Amino acid sequence: MLKIVLVVLLAFLVQYVFKTLLMFDINKRTYNHRPGPCRKVDGPVHGSEDIAIVEELNLAFITSGLVYLIEDPTQVTWKGQIFAYDLSKKTYKAESIPIVNLEDGDGFHPHGISHWIKKDGSVRLFVVVHSKQFRHSIAILDFDKTKWQLNHVKTVRDDKFVRPNDVVATGENSFLVSNDGGAQTIVGNAIEMFTGFFKGGLVYFDGMNSHYLLENTVANGIILSRDRKTLFVSHINQETIGVFAWDQKKITIKKISEIETLTGCDNFFIDNEDNLWSGCHPVLKDAVGHLGDATNPNLYSQSQVLRFKFSSDLKSTEMLEVFSDDGRFTAASAIAATFDNGKQLLIGTVFRDLTHCDIDVPLDF
Amino acid sequence: MLQLSPFASNCLFFTSFAIVTTLFGKLLLHIDINKRTYNHVPGECGVIPNLPGILGLTTSTTGRLYMTTNSKDINTDQTHLFTFYSDNRTAREIEIRGGPPKWRLTPGALSINSETSNPNVFVHNKRTNNIDVFETNEQNDAWQYRKTFKDEQFEGLTDISAAGLNSFFFVKSSIFGTNFALNIIERVVPIPTGYIYFVSGNNIQQISRVSFPTGIVYDSVKKSIFVTSSTRNSIYRMKVQVKNGIEIVSSKEYDLGCSPSSIWKDFDGSFLITCHPVKFRYLLSLFNVITSSPSLILRVAVPTDKDKPLTITQLYSNDGATISNANVTVRAGRSLLISDGTKILNCHL
């Protein structure tokens, strides 16, 4: 009897080890290719984790200076910033925009970003913010075009913002937030990863109250389709993308499909043809190593840019790899956004610089 | 019956369990169960119409492209030789002059030696299992038969690479070439059942054993042969020199990360390699469980410095819908030609 228990335990242990090895992508690698000439953009050096492209202004807002699972605030020697990049000409230079009326200027380390065009035509930004002590909030900033500054409107804090990663604006005061886990420490996060009991999820804030939409999962990048009816959620540790029907009036989501990508897709972008773009981490073990010690230049991880063209029923997708790098040029891509009618591409990284590429290859074949 | 003590039987069980589990786990990782392909094209691509798939490809230094193709009529099992013009994507059949009486050619693998003004082409004749050598004449697309190498070892030849006017290297990928089940085992289990041979005049010499070699290229400038191993996901660089016959003075293995199926040397010394990026889908397609399998084309530069890693660039990738199990690739001008044996894809670089 005892032997049977031991054998069962041993079998469980074996399959667990094997699944963990697969999760860490120990037998994967990337092969380099680029869609055209690529150049670094001056400006962001410590992260370009998320990009919001405002087509009305031909402007991209880039969050930089991310703080993630930090345990010693004195290690944070970099500054959190939001950069603006003019998309109408190839300057390859992004400027940091001043942020006015912040409660805590030193505690501003932006993560995910989303924008909303207000009724008066001005741009409102929703930004996931962490402090040096890894406290979380959502900052609402209005872009003042004439003064070229971001005016802090308000900061939203909520118990349900457990560990926010990305945000999607759904109105002037409402948004969706993804939690990419529940742990606040590196050890806690490791326990979540190794046990598979994730505490992340999806939260909707309607301007007054917050509502859980998904619980006990990993939600990293989130975005809505152009018609704002379909929600895409990146389950990065499970290497899948969840596709949901989103009903804003009823505050409900209904699952349509789950796409297996076999790569860790991070943040999302929807182009003007309603294709989904993502910056991905194809080899998780290298990504964990790089992101765990982000200031070490000898540690880097692979980058991958995928474009997903969904079928009309949203149950299957055709995946196109637009960019791939072993990390020496672009390390740990997190976001990919196209502009200029799909002829140009911005690739943002978690803790490194921003890459600007021309797209000279056909994307449909 | 021998009665083991409980302690000994427990040790035996757990040791066997560990060994079997490790081997099985390694096998699952080896057949790429957690991998997939993502589509990627280098430029506009299209299938060349009215031209059957390529079986072998080679170029001369002038850029002239020669190909052996399957006929569309499967029953006749006819294979033809063509010259391909990449500028207008047309092919013209080559006229063969000379040759012994009643001689017929069913060409397979081929390689070219450009030491003379009219390069010599070495062709594996699958009808006779000999190596026929032709002198080319690029003015009128004619080949003049020159000689034949005969040896029983040419049966099962996988790839050939010319080394001189009267010498060449070739590889055989397996012992069990005709036994399907055993051949599958050879493709999966990395044991060195393949052969590398060198032929010079009437002498044939086995110089090494490699696990399932699929392609060979002799680089006279570097005095090295480059051999791709499908099972080990690798490419070997073997420096060779003539010393009482030919011998390997050094060998280095580089990991490609995918299962190579052919190799072709470009003019700058880099290699174009076709790969099976997801091995289990390739195996399933061999068993006809699925109809297609992914294709991958890599450009690989092997550094002269032994300590430096390979430089690998991906040129093409497809999930199998456009081209399945690509097994030959070549560059002609700004055209990348890819074949799976049934059709030829032409991509603009």
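Let me start with a definition: helices (H or I, at least four residues) and strands (E, at least two) are DSSP runs, numbered from the N terminus. With that in hand, take A:Tyr92, which sits in the loop between β4 (81-86) and β5 (95-96) of chain A.

Before going on, the ground rules. This is a predicted model, where local features need pLDDT of at least 70 and side-chain atom pairs count only at pLDDT 80 or more, while totals for chains, interfaces and linings use all residues. Residues are numbered from 1 along each chain as its sequence is written, chains are lettered from A and ligands numbered from 1 in the order in which they are written, and side-chain values use heavy atoms, with hydrogens and water left out.

Back to A:Tyr92. Its phi is near 50°, a positive value in a residue other than glycine. Most residues other than glycine have a negative phi. Is A:Tyr92 buried or exposed? A:Tyr92 counts as buried, because its relative accessibility is 12%. The cut-offs are these: buried is under 20% relative accessible area, exposed is over 50%, and partly exposed lies in between (1.4 Å probe, protein chains only).

Now A:Asn216. This residue also has a positive phi, about 55°, and is not a glycine. A:Asn216 lies in strand β14 (residues 210-217) of chain A. It is exposed, because its relative accessible area is 52%.

Next, charges. Side chains of opposite charge can pair when their charged atoms come close. Here a salt bridge is a side-chain nitrogen of Lys or Arg within 4 Å of a carboxyl oxygen of Asp or Glu. How many are there over all chains? The search of the whole structure finds 16 salt bridges.

One of them joins A:Asp353 and A:Lys40, with the closest N and O atoms 3.0 Å apart. A:Asp353 is in the loop between β24 (344-349) and β25 (354-358) of chain A, and A:Lys40 is in strand β1 (residues 38-41), so the pair ties together parts that are 313 residues apart in sequence. A:Asp353 is partly exposed at 23%. A:Lys40 is partly exposed too, at 26%.

Another salt bridge pairs A:Asp358 with A:Lys90, at 2.9 Å from N to O. That pair links distant parts of the chain, 268 residues apart: A:Asp358 in strand β25, A:Lys90 in the loop between β4 and β5. A:Asp358 is buried at 14%, whereas A:Lys90 is partly exposed at 42%.

On to chain B. It has three helices and 25 strands. Of its 349 residues, 53% count as buried. B:Lys35 and B:Asp32 form a salt bridge at 3.4 Å, N to O. B:Lys35 is buried at 13%, and B:Asp32 is buried at 2%.

Last, where the chains meet. The contact (heavy atoms within 4.5 Å) takes 28 residues from chain A and 31 residues from chain B. Which elements give two or more residues to the side of chain A that touches chain B, and how much area goes under? The two chains bury about 2700 Å² between them, 65% of it on carbon and sulfur atoms. Buried area is the accessible area (1.4 Å probe) that two parts lose on being put together, summed over both. The elements on that side of chain A are α1 (2-23), β21 (303-310) and β22 (317-325). The largest share, seven residues, comes from α1(A). Between chain A and chain B the count is zero salt bridges.

Key:
Contact means heavy atoms within 4.5 Å.
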